[in-house]
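Dear colleague,

I am handing over a structure that you have not worked with before, and I would be grateful if you could look through it alongside the notes below.

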Amino acid sequence: MNSGRRVVVTGMGVVVPHGDDIDDVYEQIAAGKNACGRITKFDPTGFLCQVGSEVKYTPEGPREVGPYLVEDNEALLFTAAAAQRALRYAGLEAAVGADAMDRRAVVLSTGVGPANIDYLGPIAMRVHGRDADPWKADLASFYAAAPSEPEAVGLDHFHLDTAAPICAVQLGAAHVYNTASACASGSHTVADAGNLIRRGEADVVLAGGICTPVTRVLVPGFAMLKALTGRNDDPAHASRPFDAGRDGFVMGEGAAMLVLESEEHAKARGATIYAELAGWGYSCDSYRLTDPQPEGIGMALCMTRALESAGMAPTDIDHVNAHGTSTPLNDAAETLAIKKALGDHAFRIPVSSNKSMFGHLIHAAGALEGCLSVKTILEGVVPPTINYETPDPRCDLDYVPNEGRTAKVDTILKNSFGFGGMNVSVVYKRYEG
Amino acid sequence: MTDDRIFVTGVGAGTPFGLGVDALLDGMLAGESRVVALAEPHGSLAPGYGGEVTLKARDLRSLPNSRDMRPGTMTRYTFLSTLALGSAMAEGEIPWDDGDGALRRGFYVASYTNSDRFDKYVRFAHHVIDKDADGKPVIVDERVPTAIRKFSGFEFLKLMNNMPTAHGGIQGRCQGPCNTFLGSPSGGLQAIGRAKLAIQDGLADTMYAGGVGSSIHPQMMMVRATRKLESSSDVAPDQAGRPFDQDATGIVPGEAGGCIVLERASTATARGANARAELAGYGEWFTPPSVNRGVPPTPAGPVRAMRRALERAGLEAKDVDVVFAHGESNNDLDRIEALALAETLGPRSADVPVVSMTAHVGSTEAAVGPLNAALAVRVLETGKVPGALNRGNPLPEYKGPNGAAPMDIDAKVALVSVTTREGIAAAVVLRKIE
């Protein structure tokens, strides 16, 4: 299918725990700086998981975009700010006029927004008072109570339906896709953007994801699923992909986006091209909702498909930016899959997990790690997998333990695998005009 | 990239009329509405009625690959998606257990997810809330660890918005591209449009594409009631859904799942499949609403989406024999959609029947596009077009036929369009295979 136009990366924008300047964020990541810690958004005492990776600042950015108010919703604030940074990085203004807008698209993945309990609680208290037993209160009278307008806004924001349209207004795009494939989402949007450009449907696509899952509901909820770390006494070392002591991932929050463009469009407007998106592959495990296929068949399949799409052989890959969640099952299955897809070459190249430093940004993870992959190609330092102390016999590749490594990296295979068995791999490549 | 033609080889649905598209079409042809008074506790929510799917988990047993289905792990959305996909797989006689065939199959579905256990969330929220020294509501964190134990971990996995796709990937043995489309009732047609392109891009030979929605969910019914978007409680349930009618009072809660099977023409032909129609064209366009939660200011977006779909099909407005529209039953959006239809169809507006299922089943969110596409396939096969239910006092902007009686027409081309309040319009064109 590698018969269409070349796709290039011309912009990157992030609002993530390490900061909101991608160049600075990369420097920290290359230096192995951790951003995971004890949760501060609420008091997690008594929670099964008390560790998170939080955005502890309010990003500068638009508070209003077209008809959308974003200032009353942290997730939308992150979205608009990340999009603004990506477009500035790319030197792009919003397109004007139907013909220009027709050539632009947004592919954004959204998780869930602010916890709806923040709004349901006050309604319940208004209806039933504080003293009624919540577990026995009459729901019919709760349902009959109309929320106030701010409460209705809050409840509605749970779905983040306006996030992708907000980005579309910022870009001036006539085509908007809001998608989700769980933890694969970020890379999924990049791959979908590649398809749109390669087949000639769009010249410019803003792709990425947003997720704010560090909430009082989702953290304990996913902890009950045994997906999250329980290393509460040592939060800075809780995210430890591929290490024998890994026990689950750290929930992270933020937004990350890439501007992808056809080569001809980027050249025509004199844009700086940072890398090429050379290929991508999709697969589905069709196996189980929670567990990856243990032999990594689906994961290997999407890596192989990405290589085919890029017209590359396994030996063309210089580095794997792993999904590497720090869960016992994923990291073992991913290791098997990398070896299946790349053969002996897997043992000769660095494989690292950026999540060791900022946890798992779920819907935004693949896009953030995509931005960092592009920076790795440009700067020549492979980020480390930090907190790697005890080798796991099932994870026997070179994970770049604890310190970044200077290396000439021309091609990176970026993996993203989601709950439900959805897998996406993309290949970033040094741009040669 | 290939330009292979794309055939529809199966359609499926789970609606208030039951399992399968024929049940829906038969009900619509009979002029029936399945919008009824809701049982408690949903009956306490305005407007007190809706189009509810009464199918149960046991109804999954008749579907292909039912042994891999886990109803206990499904939200309402996933359940409806599973019904629709299974019913489409059954009609398409897809050889889902064909080993390597799975490598070339994918699934795109549009969905929201909302927890079925909203009652628990309300009680949870009530348990953890208190007042601070100033009397303002504040969440007491130390109560959370106890309260959260009322849930199981799986309830949070179920809540993830890609779960309908995840279940479908297992149900349909899909190892190709799988994704979930969110955010707007047009998502279902976006799923179909992108699925078409996935085949044409060589990513798959067979794609299941659909959408699911349940606007009966309490949280969103409460939000709509506050915003005065919900239909009036004072209207008889079977009279409430009034697409393109001046007497419409708002959104009628409904729920459903719809799905179609798309196959590369050469793949369908090779396996001797019953090619029911051709998916000939797809188009979309985004126009931001004039104010947040308003409607698009002009019909330009849906007009562009429909024209793009026709253009890609190599057709013109004069070729359209029947339209399947959204018809939300809110005058502000229906006016925009009616203007768009009139502008797109031009002089043909007065003659081309416009079908909307809102009067029969209520608002089905992202299911509306795939269900309409499935209905369009049936109409191309049978020539039987449902009449216009509850459209006795049409909006001045609506120029189409208005008769309540069903029609027999020789339909060769169907245009399916979804215009949305979010501003994302999408359209597909289906053509009879001759």
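The domain bounds used here come from an automatic or database domain assignment. For chain A that assignment gives domain 1 (16-114 + 159-429) and domain 2 (117-157), and the C-alpha centres of these two domains lie 36 Å apart.

Before going further, please note that this is a predicted model, in which local features need pLDDT of at least 70 and side-chain atom pairs count only at pLDDT 80 or more, while totals for chains, interfaces and linings use all residues. Residues are numbered from 1 along each chain as its sequence is written, chains are lettered from A and ligands numbered from 1 in the order in which they are written, and side-chain values use heavy atoms, with hydrogens and water left out.

**Domains within each chain**

In chain A, domain 1 and domain 2 bury about 580 Å² between them, 47% of it on carbon and sulfur atoms, where buried area is the accessible area (1.4 Å probe) that two parts lose on being put together, summed over both. Across this interface the rule finds zero salt bridges, a salt bridge being a side-chain nitrogen of Lys or Arg within 4 Å of a carboxyl oxygen of Asp or Glu.

Chain B is divided into domain 1 (6-113 + 160-431) and domain 2 (118-157), and their C-alpha centres lie 36 Å apart. Seven residues of domain 1 of chain B are in contact with four residues of domain 2 of chain B, contact meaning heavy atoms within 4.5 Å. The area buried between these domains of chain B is about 450 Å², of which carbon and sulfur atoms give 77%; on the domain 1 side, B:Thr73, B:Met160 and B:Met163 lose the most area to domain 2, together 58% of what that side buries.

**Between the chains**

Chain B and chain A bury about 7900 Å² between them, with 64% of it on carbon and sulfur atoms. In chain B, the residues that lose the most area to chain A are B:Arg123, B:His126 and B:Phe286, which together account for 10% of what that side buries. The contact takes 87 residues from chain B and 91 residues from chain A.

Seven salt bridges are found by the rule across the interface of chain B and chain A. The side chains of A:Glu149 and B:Arg227 meet in a salt bridge, at 3.4 Å from N to O. On the side of chain B that touches chain A, the largest share, eleven residues, comes from helix H3 (residues 118-128) of chain B; helices (H or I, at least four residues) and strands (E, at least two) are DSSP runs, numbered from the N terminus.

**Strands**

Strands of a sheet pair through backbone hydrogen bonds, either parallel or antiparallel, and two strands are taken to pair if DSSP finds at least two bridges between them. Strand E7 (residues 175-180) of chain A and strand E8 (residues 178-181) of chain B pair in the antiparallel sense over two bridges, with A:Thr179 standing opposite B:Phe181 in E8(B).

Within chain A, three strands form an open sheet in the order E2-E3-E9, with mixed pairing. Its edge strands are strand E2 (37-38) and strand E9 (251-252), each of which pairs on one side only. Strand E3 (residues 51-53) of chain A and E9(A) pair in the parallel sense over two bridges, and A:Gly52 stands opposite A:Met251 in E9(A).

With best wishes
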